[in-house]
Amino acid sequence: MSDTRTGPTLEASWRDRAVERSLRTAREKAVSRSDLFIATAVAILSETGRTDFTVQELVERARTSLRSFYQHFSSKDELLLALCEEIIAFAATTWRGEIAELDSVSALRVLVDNIHGHAVPENAVGITQAVSSYHLQLAGVRPAEHARILLPLRDVILEVVQRGVGEGVVRTDIDAESLATMVMQTLVGAAHMRALRAQLTSTPLESERLWQFCVGALTQR
């Protein structure tokens with residue numbers, strides 16, 4: 001059977017594939033360079049615990065150029081936003097896998113331990129402090145971005161709450177989304193205070209107490 005397609009049609013198809021390959025290569029290069037800037041920022045934050053580095057310092061450390069940086073990010077703030085998003089999105093994905101087979105109460109315990117209970121490694125203290133400080137600043141100057149960054153974490157907690165409703169252990173007089181948001185705000189607030197070493201009492205808040213508080217709030221009738 002002969003091929004009845006015309007020459008222009010075949011040519012257009014070839015061009016479409018060539019354009020797609022070209023665009024895909026460009027996207028991959030863009031992601032790679034963006035990752036380089038984010039990784040360099042992580043290294044700086046880990047060492048200093050501060051976000052007051054300059055873009056010039058960043059590009060010098062990354063051995064690239066200001067022009068290259070501004071092709072990927074409009075400002076240092078946009079870079080830090082991307083960094084916060086990646087940290088929280090990666091954590092949420094990892095934790096979702098860890099709790100997939102657990103009942104809701106056990107899953108909540110794992111989340112509380114992951115967010116608040118584990119000791120921060122020495123090499124991560126700086127970045128933890130810097131990210132917490134920056135995220136709190138966002139709440140005042142860019143509240144929409146502050147909230148958006150937390151959505152992956154809220155969604156994981158919401159899944160746990162909905163699982164608990166299905167199991168008949170979580171209260172239903174308050175909607176699941178509100179419960180998840182309040183639990184998330186509690187855990188994030190505690191995590192920020194711990195990262196910044198801003199304790200209100202001489203005794204640090206323990207993960208066990210925090211988990212008991214959250215379970216009580218979710219199950220109280």
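**Entry 1: S104**

I started at S104, which lies in helix α5 (helices are DSSP runs of H or I, at least four residues, numbered from the N terminus). The model is predicted: local features need pLDDT of at least 70 and side-chain atom pairs count only at pLDDT 80 or more, while totals for chains, interfaces and linings use all residues. Residues are numbered from 1 along each chain as its sequence is written, and side-chain values use heavy atoms, with hydrogens and water left out.

I found S104 buried, at 3% relative accessibility (buried is under 20% relative accessible area, exposed over 50%, partly exposed in between, with a 1.4 Å probe and protein chains only). I then listed the contacts of S104 beyond four places in sequence: V160, R163, G164, E167 and V169 (contact is heavy atoms within 4.5 Å). S104 and V169 are 65 residues apart in sequence, and their C-alpha atoms are 8.3 Å apart.

**Entry 2: nonpolar core**

I looked up the largest nonpolar core, which has 55 residues; L108 and I157 touch the most other members (such a core is a set of buried Ala, Val, Leu, Ile, Met, Phe, Trp, Tyr and Cys residues joined through side-chain atoms within 4.5 Å). α4 gives the most to this core, with 11 residues. For I157, neighbours within four places set aside, I noted contacts with L111, A180, V183, M184 and L187.

**Entry 3: second largest pocket**

I read a volume of about 190 Å³ for the second largest pocket (a pocket is an open set of points on a 1 Å grid over the protein atoms alone where a 1.4 Å probe fits, with protein on both sides within 12 Å along at least five of seven lines; lining residues have an atom within 4 Å of a point). The volume is the space filled by probe spheres set on the points, which are joined across faces, edges and corners. Of its 13 lining residues, H146, A147, L150, M184 and Q185 are the closest to the centre. α8 (176–195) is among the helices that each supply at least two lining residues, and α8 gives the most, with 6.

**Entry 4: H135**

I checked H135, which lies in helix α6. H135 is buried, with a relative accessible area of 3%. Beyond four places in sequence, H135 touches H146, I149, L150 and H192.

**Entry 5: helix α2**

I listed the buried residues of α2 (residues 55–62) as V55, L58, V59 and A62. They cover an arc of only 90° around the axis, so they sit on the same side of α2 (the arc is that of the directions from the helix axis to the C-beta atoms). R63 follows α2 and has a positive phi, near 60°.
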